[in-house]
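Subject: Structure handover

Hello,

The structure is handed over below, with the sequence. My notes on what was found in it come after.

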Amino acid sequence: MSKYQVMVGGICLAIVLSEGYDLLLMAFAASGVAQEFALSGSETGLLLSSALVGMALGSAFIAPLADRTGRRPLTLACLLLVSVTMALASITTSFAQLGVCRLLTGLGIGGLVASLPVLTAEFSPRRRRGTMIALYTTGLPLGGMIGGLVAALLTSTFSWRASFVAGAVLTFLLLVLVYARMPESIDYLLVRRPPGALETINSTLPKMGLAPIEALPEPEPQAGQGMKAAIFSGRNGIRSLLLGSAFFIMMAAFYFAASWTPKLLQQSGLSAQQGISGGMLLNLGGAAATLTFGVLAIVVTSRILTVAALVGASISFLAMSTALGSFATALLAAVAVGVFVNASATGLYALAPDCYPTSVRATAVGWASAVGRLGAIISPILAGVLIDRSWTPSSLFILFAIPLLIGAVLVTAIKMPVPHAAVVTSTSLGDVQARTLSP
């Protein structure tokens, strides 16, 4: 990878770090908000979930615009939306106003977290894509951890509103950075061919250590396909069904574990502080997992790693079901849950861009992510309903262990597209290779 490609990946990582802060900030500001606005528990819960609902909508309806208008314009628009709504959230005077702001913030974040992996993949050599996506996915949990530290400092010194101002300023600075330094995806330019595409490509190639091209190559065969045919028909339709189902299972398990582990540990007899420690170790295990995935992805394919991670996640959920009540054993199981669930997420985001042709890549990944977000919204609610019906913490972890095994089978069944014989310059891979995908 050239220094220029590393820079693009670094910008994407910086953005997702910021969005991790913006997304998870509400959890740290919730007590101050609830006290100021005199909110009930259910109203506080709605505020906590409003950004997740916005993310699902943003992944489904905002991220696909990256295939129409370009990766760079969409990134700029989403950053602007997040910056403005974070600033507005800091001056809200009611529960309803803050809820709308959080929903709109989620829309922007949903557009970013579904389209940025595509941009990262398109500026990475194929043999480095898994590694780059793994580094990228560390941003959301790390951003949330940083957000907790910053929010605690600002809230204790000023108020919860100051932490939203900080998020707005940080996002605006990234907007300026993207405007000044982030290029348009060359894959997008080759497929969509907007006015000035050749000139834009040739201004970027030398920065990547590659020679300019004299003319645009012939478009890939799928460039003329309709969106429905390219994503939902034939083999691509089967691929989309398998991938979307795997995303749903992975995110359902992830958000169940992230939302309920501290509470379930307490319910199993541990102290409140021990429950919080379990939740923190789960997140730390996740950060370590994504970095480990990035190293392994250099020598092992993303699909094999993803299948192994999903199987490991199922086993770790079963281990957690038997470890509840024992502090030391439960902490080890929490780390294992964090490691394998986060590795599964990294694997699916690394795998997804290679499943589709460039012309619909952001749309397809956005829809798969949106299906996953439905699992993220449903699973914490389902767990609460089952707890009210006297389900034990152990039985809940067993319940989520079973679908994770099914997810491993689904990923195994995904047949990756085979490159056509046509050979064109593909700067996303850093060399000359076949870049169009079979249907």
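The protein chain has 17 helices and two strands; helices (H or I, at least four residues) and strands (E, at least two) are DSSP runs, numbered from the N terminus. This is a predicted model, in which local features need pLDDT of at least 70 and side-chain atom pairs count only at pLDDT 80 or more, while totals for chains, interfaces and linings use all residues. Residues are numbered from 1 along each chain as its sequence is written, and side-chain values use heavy atoms, with hydrogens and water left out.

Confidence

pLDDT is the predictor's confidence in each residue, from 0 to 100. Its mean over the protein chain is 82, and 86% of the residues reach 70 or more. Where pLDDT is low, the predicted coordinates should not be read in detail.

Burial and cores

Of the 439 residues in the protein chain, 56% are buried. Buried means under 20% relative accessible area, exposed over 50%, and partly exposed in between (1.4 Å probe, protein chains only). Among contacts between residues at least 6 apart in sequence, 81% join residues at least 24 apart.

The largest nonpolar core has 112 residues. A nonpolar core is a set of buried Ala, Val, Leu, Ile, Met, Phe, Trp, Tyr and Cys residues joined through side-chain atoms within 4.5 Å. I15, V33, F247, F256 and F317 have the most contacts inside the largest core. Helix α12 (residues 234–267) supplies the largest share of this core, 16 residues. A second, separate core has seven residues, among them A134, F293, A309 and A343.

Which residues does F317 touch, not counting residues up to four places away in sequence? They are A253, F256, A257, V337, V341, F397, F400, A401 and L404.

I249 and L404 are 155 residues apart in sequence, but their C-alpha atoms are 6.4 Å apart in space. I249 is buried, with a relative accessible area of 12%.

Helix packing

Two packed helices are described by the angle between their axes and the distance between the axes. Axes are lines fitted to C-alpha atoms, for helices over the stretch in contact, and angles run from 0 to 180 degrees between N-to-C directions. Angles under 35 degrees count as roughly parallel, over 145 as roughly antiparallel, 65 to 115 as roughly perpendicular and the rest as oblique. A crossing is left-handed if the near helix is turned anticlockwise from the far one by less than a right angle, and right-handed if clockwise.

- α4 and helix α5 (residues 95–122): the axes come within 8 Å and cross at roughly 155 degrees, so the pair is roughly antiparallel. The crossing is left-handed.
- Helix α14 (residues 302–323) and helix α15 (residues 327–351): the angle is about 155 degrees, with the axes 8 Å apart, so α14 and α15 are roughly antiparallel. α14 passes α15 in a left-handed crossing.
- Helix α16 (residues 361–388) and helix α17 (residues 393–413): the angle is about 140 degrees, with the axes 11 Å apart, so α16 and α17 are oblique to each other. Their crossing is right-handed. The contact is made by S379, A383, L386 and I387 of α16 with L396, L399 and F400 of α17.

Individual residues

Most residues other than glycine have a negative phi. A38, in the loop between α1 (3–37) and α2 (41–62), has a positive phi, near 55 degrees. A38 is exposed, with a relative accessible area of 63%. S390, in the loop between α16 and α17, also has a positive phi, near 75 degrees. S390 counts as exposed, at 63% relative accessibility.

R192 lies in helix α9 (residues 186–192) and is partly exposed, with a relative accessible area of 36%. R192 and D67 are 125 residues apart in sequence and 8.3 Å apart in space, C-alpha to C-alpha.

Regards

Methods:
Contact means heavy atoms within 4.5 Å.
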